[in-house]
Amino acid sequence: MPDLATLGTIALMASGTYLTRILGYLALRNRTLSPRMRHVLDSVPGCVLISVIAPAFVSDRPADLFGLAITMLAATRLSILPTVVIGIVATGLLRHVFGG
Amino acid sequence: MEATHPTTVSDCDPAQRATTRELCRGLWASVPVLLGFIPFALVLGAQATQKGMSAVAVPVMTGLNFGGGSEFTAIRLWSSPPHLLLIASMSLLVNSRHLLMGAALEPYLRHVPQGRALASLFFMCDESWAMALADAKRRASINLSMAYFMGVSIGLYLTWVVFTAMGAMLGPLIGDLERYGFDMAFTAVFLVLLRGMWRGRVACRPWFVSLVVAALTYCLMPTGAWYVAAGALAGLCSAALMAPKEGK
């Protein structure tokens, strides 16, 4: 059984995480949005997603950058599953070859 | 209750059938993404037990919290006894992007009763959020398909909790999965989702601002998750500045 300090930390961490999930929703509930605000919110998905993966673009390993380029090319024309497979295989092979 | 009746609900109720179909569609769509979850989940569980967390505590954490970035951060900072406030505040910081994500999702949830929306938001992670939004955009609808969202979420949630627990139990047997390129799975998923949201170079200028600022922040401050906050906020500021004039 986990001890009290562990459970307390997990509980506090989990409640904070849940708050971040609902606060943005609650803040906008029953509000009318200005066109500018709507335009900004439309950009949220892309800006968040690209920020999360930004470290991949500045990797110091050549194998990773080549792998990223191949994955990007795949992403422009294939669906999720083949892109994931190509990304993993290409990056794994390149790291093996370059010794990354 | 239904089991006592001779006919099952799915046989006669078209609304119920549509919900089930959407649920399965979501579950199916989650498969390629959950494959990417597995190596991360195993690594997280293995790292957690190396840091002295018990094998039972790991699924408790991942099941109650369900936010990979914050969990990796918590494990990195884990000690015995844990620094309660440090870990809680770092989780808040890492997950602060959820504030923006929830706000962006709100217009798509207006058809959902508040209680149900709050309950399902527990499952909002980068992937389930992006996939459900991308799906609504593809259908050119302002209503999120809640059953699709829940289908995606169930697939991802179960995978995450089960495989972090397995990682905790298998711990020392797991080598360095990153060597095999599994970390590229997330980048690949996000790139495909981004392609689905692409609306041309002009409309997506804020993305490039985000990318550049996030990458620079990451180079300067590789620890923590500052780069996500900095990149997202910079992109949104540029979106506000480039917004079409009011009334248009």
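Is A:Asp64 buried or exposed, and what is its relative accessible area? In this predicted model, A:Asp64 is buried, with a relative accessible area of 9%. Its salt-bridge partner is A:Arg95, and the closest N and O atoms sit 2.9 Å apart. A:Asp64 belongs to helix α3 (residues 62-77) of chain A and A:Arg95 to helix α4 (residues 80-98) of chain A, so the pair ties together parts that are 31 residues apart in sequence. A:Arg95 is buried too, at 5%.

Now over to where the chains meet. Here 91 residues of chain B are in contact with 69 residues of chain A. Together they bury about 6800 Å², with carbon and sulfur atoms giving 74% of that area. On the chain B side, B:Met184, B:Leu191 and B:Leu211 lose the most area to chain A, together 9% of what that side buries.

As for charges, the count between chain B and chain A is one salt bridge: A:Arg29 with B:Glu106, 3.7 Å between the closest N and O atoms. Helix α10 (residues 184-197) of chain B supplies twelve residues, the largest share of the side that touches chain A. That side splits into 64 nonpolar, 16 polar and eleven charged residues.

B:Glu106 also forms a salt bridge with B:Arg110, at 2.9 Å. B:Glu106 is buried at 0% relative accessible area, while B:Arg110 is partly exposed at 39%.

Elsewhere in chain B, B:Asp135 and B:Arg139 meet in a salt bridge at 3.1 Å, N to O. B:Asp135 is buried at 1%, and B:Arg139 is partly exposed at 37%. Both belong to a salt-bridge network that also links B:Glu22, B:Arg25 and B:Arg138.

Note on methods: Residues numbered from 1 in each chain as written. Chains lettered and ligands numbered in written order. Predicted model: local features only at pLDDT ≥ 70, side-chain atom pairs only at ≥ 80, totals over all residues. Heavy atoms only, no water. Contact = heavy atoms within 4.5 Å. Buried area = accessible area lost by both parts, 1.4 Å probe. Salt bridge = Lys/Arg side-chain N within 4 Å of Asp/Glu carboxyl O. Helix = DSSP H or I, 4+ residues; strand = E, 2+ residues; numbered from the N terminus. Nonpolar A, V, L, I, M, F, W, Y, C, P; charged D, E, K, R; others polar. Buried < 20%, exposed > 50% of the residue type's maximum accessible area, 1.4 Å probe, protein only.
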